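Me: I am new to this structure. Please walk me through it in short questions and answers.

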Amino acid sequence: AEKLQARWGEQYEANYQKICAAVDAVTGQAITYNGELIDACFHAMSNGTTETAANVWGAEVPYLQAVASAGDPLAERYASERAFTPDEVRSLLSDAGVSVTLPADPAAWFGSPTLSDAGTVTAQPIGDASLPGTKVRQIFGLRSATFTVTYADGTFLFAVKGYGHGVGMSQCGADYLARQGYTYRQILEHYYTGIKIALISD
């Protein structure tokens, strides 16, 4: 409580009451798919479309499908960039244990990526190798696996959209829908395909 008071200041009581009301509204309810509790994955913000679990983690999950998330491109820090020199790229790939032969011309290091329907990079050619977009995100510290990379004036520039793995509910997208008047049920049913929300005892 002390940390929240320090963070919220004069808004502490109002915010605390909002949280209590939200908890009271859903106490005893569960989200299920075919009678089983779901894994309610979430992320900060998508690129404007959430991603399927299969394209990120390699396993199909029927309720974790790609859906539109219109509020995400409006969110703060939706777009971000990271820049690297060729030496930094070489070093980061080496540190990650990536065995790759790179052409002499750095402009030819990164090939055209393969994208999912949602726009996530699923495969990124680098030299004579091809890496999953999630691996490229990890190696270069990108905010998501929705990115493009260009080379000019001795610098690689990654332009990135969204933040997080992109699967399940977008926090920024959910906030946007709530501000448009959507109920929590409508928001959950939007982001988790084919689910049921009901009292646990049902």
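Reply: One definition before we start. Two strands pair if DSSP finds at least two bridges between them. Keep in mind that this is a predicted model.

Me: How many bridges join S5 and strand S6?
Reply: S6 covers residues 121-126. S5 and S6 run in the antiparallel sense, and the number of bridges between them is two.

Me: In what order do the three strands of the open sheet lie?
Reply: Strands of a sheet pair through backbone hydrogen bonds, either parallel or antiparallel. Here the pairing is antiparallel. S5 (114-115) and S7 (129-131) are the edge strands, each pairing on one side only. The order is S5-S6-S7.

Me: Which helix packs on that sheet, and what angle does its direction make with that of S6?
Reply: The helix is H5, residues 133-140. H5 touches S6 and S7. Its direction and that of S6 make an angle of about 65°.

Me: Is Thr146 buried or exposed?
Reply: Thr146 sits in the loop between H5 and strand S8 (147-152). Its contacts beyond four places in sequence are Asn47, Gly119, Thr120, Ala159, Val160 and Lys161. Buried means under 20% relative accessible area. Thr146 has 11%, so it counts as buried.

Me: How far apart are the end C-alpha atoms of helix H2?
Reply: H2 holds 15 residues, 12-26. At 1.5 Å a residue, it should span 21 Å. The model agrees with that: the end C-alpha atoms are 22 Å apart.

Me: Which residue with a positive phi follows H2?
Reply: Its phi is near 90°. The residue is Gly28.

Me: Why do the buried residues of helix H7 line one face, and within what arc do they fall?
Reply: H7 spans residues 184-191, and Ile187, Leu188 and Tyr191 are buried there. An α-helix has 3.6 residues a turn, so residues three or four places apart point the same way. Seen down the axis of H7, the buried residues line one face because they fall within an arc of 95°.

Me: Which helix is among the elements that cover the buried residues of H7?
Reply: The cover includes strands S1 (29-33), S10 (169-170) and S11 (196-199). It also includes a helix, residues 171-179. That helix is H6.

Me: What is the relative accessibility of Tyr184?
Reply: Tyr184 is found in H7. Beyond four places in sequence, Tyr184 touches Ala25, Val26 and Gln29. Tyr184 counts as partly exposed, at 33%.

Me: Where do Asp175 and Arg179 lie?
Reply: Asp175 is partly exposed at 38%, and Arg179 is exposed at 65%. They are four residues apart, about one turn of the helix. Both lie in H6.

Me: What share of the contacts with a separation of 6 or more links residues 24 or more positions apart?
Reply: The chain has seven helices and eleven strands. Of its 202 residues, 38% are buried. The share of those contacts that join residues 24 or more positions apart is 59%.

Terms used: Residues numbered from 1 in each chain as written. Predicted model: local features only at pLDDT ≥ 70, side-chain atom pairs only at ≥ 80, totals over all residues. Heavy atoms only, no water. Contact = heavy atoms within 4.5 Å. Axes fitted to C-alpha atoms, helices over the stretch in contact; angles between N-to-C directions. Buried < 20%, exposed > 50% of the residue type's maximum accessible area, 1.4 Å probe, protein only. Arc of directions from axis to C-beta. Expected span 1.5 Å × (residues − 1).
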